[in-house]
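Open the model in your viewer and keep the sequence panel beside it. The stops below go from the whole chain to a helix, and then to the spaces between the atoms.

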Amino acid sequence: MEKGVGEWIRGLRASANGTLSQYEPVTLVIFPFVVSLLSLVVGRLIHLSLQLVQENGLKGAISIILMSTIRLIPGVRGYIEREKGKVVDKMQSGAKSGRENWQTELPRAGLGIGVIERLKFEKSKDVQWQGRCSGTVYIGGSESEGHFSLINEAYSMFSHTNPLHLSIFPSIARFEGEVVAMTASLFGNREKASGGQVCGNMSSGGTESILLAVKSSRDYMKVKKGIMKPEMIIPESAHSAYDKAARYLKIKLWRVPVNEDFQADVKAIQRYLNKNTVMIVGSAPGFPHGIIDPIEELGDLALRWGICFHVDLCLGGFVLPFARKLGYPIPPFDFTVQGVTSISVDIHKYGLGPKGTSVVLYRNHEIRKQQFVAVTEWTGGLYVSPTVAGSRPGGLIAGAWAAMMSVGEEGYLEAVRKVMEVSKTIQKGIKQIPELFIVGSPDMTVIAFGSDKFDIFKVNDVLSTRGWHLNALQRPNSVHICVTLQHTLIAEDFLKDLKEAVTTVQENPSAFEDGMAPIYGAAGKMPDRGMVQDLLIEYMDNSC
């Protein structure tokens, strides 16, 4: 038996040697290496393809591969770059020519007090924004009187201060602490359900507040659950600040389509949950359509999975608590909802504070501690900082404190009453224009509208020629107006101009090709989202 096996092995070896003898020895050495290399390349391509499908869907992945292949065709890439340049130039709308007169070096002799006249001159060239912009300016009246003057004076009193130096400027430390405490009181801090430990810090705006909340959530989940490859799930209506946070903090981001009511789709979000999920997000309301996400359902989902849940109240923070007191049917949105771990709210919007003031809040100190950065090995000494910025403008903190203290609860109730009533008037007026539809059912002061009859972006272009500055949206193509105290006296003017703009577009459907409508329309239909991203980056690179 053993002899038979031995002979079989010797015969097999002889046969193999005979077959391989016709090849050069170097070929026999290189061949296995080449096969292994090809296997690695094929394996890598399969892995990248699967990852592309996972992140973009089958249709999106095919589109990306197709467009990348097309760009390799000789001449195509150059053509694309030329066309891209034309679009960027159009998007800038003359901004380049304005930059030709910019100051590019220090004046030889300083202007002294004369610089004030220069400031006034440059300011005179700004557009007429009073009552004509979506959002943008939330305080009513003129910037030279009333509430504007008050917060400007508060800023000037403390423009030299920096909360980084707590022992030198204890007044600013107190102002920040009181701003945070007053804000927390609006979001259930005094209710038993919140746990009574709500805490936070001021930041430079909604984006930084969101960035800090995402950073804290990521690090908290790392400590609690050992998550090393963090993922975050957001509805597609969530603010773009989450995209920025995901890129800065190396978090995998999943954008999930909203439901038919343009709210976060809880079931869809649940399908994306996995062992690496660190947080989910809801908005109250979302910036695009002014619609509140189902915060209670999302909170329950976060609680069951033991993950963080951030509620974006940057827009609604100083409206919803007071709208509820005024009798509007506002669903739960704050720390009384179990599962909510952090909230962001802007003071510089409906809080009527100076630009550059926001607050990020946490359910407890254990989560907030993950926001801080402490450095122990620096030769400059021991260092700890609560937010992204080290030095911060104490004048803005003082301005926010002054705004909240001067307006008070009664003042905010009256302000919210006004903007909510104007919003309802505008909603009613838009509904009476048969060619338009309102996107979803707005819960607050943002009204988005579109059309099935014509290009809504052309209507926006017509309104722009009449001095209105609205926000263009996508999915669906629409335009929105965010109502502020600047709009309390112009609702009828806006509706009149909107009706006339609709009529103008209907009577001239092929006109307005020189406006922004073709660009927005083309961007919405462009399958290669990477190309759209390139356009935006080129535009920004040439604008700042």
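**The whole chain**

Begin with everything selected: of the 544 residues in the protein, 43% are buried, where buried means under 20% relative accessible area with a 1.4 Å probe and protein chains only. This is a predicted model, in which local features need pLDDT of at least 70 and side-chain atom pairs count only at pLDDT 80 or more, while totals for chains, interfaces and linings use all residues. Residues are numbered from 1 along each chain as its sequence is written, and side-chain values use heavy atoms, with hydrogens and water left out.

Colour by secondary structure to find 18 helices and 13 strands; these are DSSP runs, H or I of at least four residues for helices and E of at least two for strands, numbered from the N terminus. Among contacts (heavy atoms within 4.5 Å) between residues at least 6 apart in sequence, 71% join residues at least 24 apart.

**Helix H9**

Next select residues 241–249, which form helix H9, and show the side chains of Ala 241, Tyr 242, Asp 243, Ala 245, Ala 246 and Leu 249, which are buried. The partners to display around these buried residues are helix H8 (206–225) and the strands S2 (231–235), S3 (252–256), S4 (277–283) and S5 (308–312), against which they pack. Step just past the end of H9 to Lys 250, whose phi is positive, at about 55°.

**The second largest pocket**

A pocket here is an open set of points on a 1 Å grid over the protein atoms alone, where a 1.4 Å probe fits, with protein on both sides within 12 Å along at least five of seven lines, and lining residues have an atom within 4 Å of a point.

Helices H7 (170–185), H12 (320–325) and H14 (394–431) are the elements that each give two or more residues to this lining, and H14 supplies the largest share, five residues. By type, the lining of the second largest pocket holds 10 nonpolar, five polar and six charged residues.

**The cavity**

Finally, select Ser 237, Phe 262, Gly 286, Pro 288, His 289, Gly 290 and Ile 291, which line the largest cavity, a cavity being a set of grid points where the 1.4 Å probe fits but cannot get out. Its lining divides into three nonpolar, four polar and no charged residues.

Technical notes: Nonpolar A, V, L, I, M, F, W, Y, C, P; charged D, E, K, R; others polar. Buried < 20%, exposed > 50% of the residue type's maximum accessible area, 1.4 Å probe, protein only.
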